[in-house]
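Dear colleague,

Here is the structure that I promised to hand over, with the sequence alongside. My notes on it follow below, and I would be glad if you read them with the model open.

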Amino acid sequence: FPPRPQCRSPHPKRAASPASGSEEACMNLHNAEFVRSVTSVADCPKDGLPQIAFAGKSNVGKSSVINKLLLRKNFARVGEAPGKTTHINFFRIDEAMYLVDLPGYGYARTSKAMRSDFAKIITDYVLKCEKMHFLFVLVDIRLEPQKIDLRFIEMLGMNGIPFGIVFTKADKLSKTQCAKSVERYKATLGEQWEELPPMFVSSGERGTGREEILGFIGGCLNV
């Protein structure tokens, strides 16, 4: 694939770039509210605020990552069972942006028809929502690169979607094991990509990676 596209800038006359500091210094993360759940891109918020989205397999821990970023325990609900969430959930942060929790994909116990519907919801949002400035793809750091994640990442590359990878559940491995897992992923992606996407190691329990992810979001939004 060609070099990875950068964040879509909310300011058309100036390019976005990652920031070294935390977004928290410029944005009140405590001023967060759930806005709506939708099943169609046509129903997404139309107030013009930039959107930072999170995607991944149904049991990868998207809600846990969002909760840890906001330092809230149950702000983004953690599903009772993987594959249960079928909507796109929007959380408005400080009247300045949205964090977007996309439905999980690829859960085996979900019917084939429903899996197809989930895929359409996700791809419609990712490919058609102009206000999505960056997409974090969450993958379980304990696992070998999964075919379904690699196919999703390939789709992003083919359509020029700006994205990064967040490795979840890092608390389940040692630092050495985490580093090996990340290098394994880099090697797999390096077979097709000229430039690797940004990568972050995260733990919903320990809060690992929180500052790095917030700093990157801040850079995307030029805050």
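How many helices and how many strands does the secondary structure of the chain come to? Before the answer, please keep in mind that this is a predicted model, and that what follows was computed from it. The secondary structure comes to five helices and seven strands, and when the chain is read along its sequence these follow the pattern β-β-α-β-β-α-β-α-β-α-β-α.

**The sheet**

The seven strands make up an open sheet with mixed pairing, in the order S1-S3-S4-S2-S5-S6-S7. At its edges are strand S1 (32-38) and strand S7 (199-201), each of which pairs on one side only, and from one strand to the next the twist averages 25°. Helix H1 (residues 62-70) packs on this sheet, where it touches S1, strand S2 (51-56), S3, S4, strand S5 (132-140) and strand S6 (163-168), and the direction of H1 makes about 145° with that of S2.

**Strand S3 and its neighbours**

Strand S3 (residues 88-93) runs antiparallel to strand S4 (residues 97-101), and five bridges join the two; one of the pairs across them is Arg92 with its bridge partner Tyr98 in S4. S3 and S4 form a hairpin with three residues between them, and in the turn Asp94 has a positive phi of about 55°. S1 also pairs with S3 in the antiparallel sense, over six bridges, with Ala32 having Ile93 of S3 as its bridge partner.

Why is S3 largely enclosed by the rest of the structure? Six of the six residues of S3 are buried, meaning under 20% relative accessible area, and so the strand is largely enclosed. In a regular strand the side chains alternate between the two faces of the sheet. In S3, Ile88, Phe90 and Arg92 point one way, while Asn89, Phe91 and Ile93 point the other way, and all of them are buried.

**Strand S5 and its neighbours**

S5 is likewise mostly covered, with nine of its nine residues buried. The pairing here is parallel: six bridges join S2 to S5, and Ile52 stands opposite Phe134 in S5. S5 also pairs with S6 in the parallel sense over six bridges, and in S6 the bridge partner of Leu138 is Val166.

**The chain as a whole**

Of the 223 residues in the chain, 48% are buried. Among contacts between residues at least 6 apart in sequence, 78% join residues at least 24 apart. The chain exposes about 10,900 Å², and carbon and sulfur atoms supply 49% of that area.

**The cavity**

Which residues line the largest cavity? The count comes to one cavity of 30 Å³ or more, and about 40 Å³ of space lies in the largest cavity. Its lining is formed by Val65, Lys68, Leu69, Ser202, Ser203, Thr208, Gly209, Arg210 and Ile213. The elements that give two or more residues to this lining are H1 and helix H5 (210-221), and H1 gives the most, with three residues.

With best wishes

How values were computed. Residues numbered from 1 in each chain as written. Predicted model: local features only at pLDDT ≥ 70, side-chain atom pairs only at ≥ 80, totals over all residues. Heavy atoms only, no water. Pairing = 2+ DSSP bridges. Helix = DSSP H or I, 4+ residues; strand = E, 2+ residues; numbered from the N terminus. Axes fitted to C-alpha atoms, helices over the stretch in contact; angles between N-to-C directions. Contact = heavy atoms within 4.5 Å. Buried < 20%, exposed > 50% of the residue type's maximum accessible area, 1.4 Å probe, protein only. Areas by Shrake-Rupley, 256 points an atom, 1.4 Å probe, with all protein chains shown as cover. 1 Å grid on protein atoms, 1.4 Å probe; cavity = no way out; pocket = protein on both sides within 12 Å on 5 of 7 lines; lining within 4 Å. Points joined across faces, edges and corners; volume = space filled by probe spheres on them.
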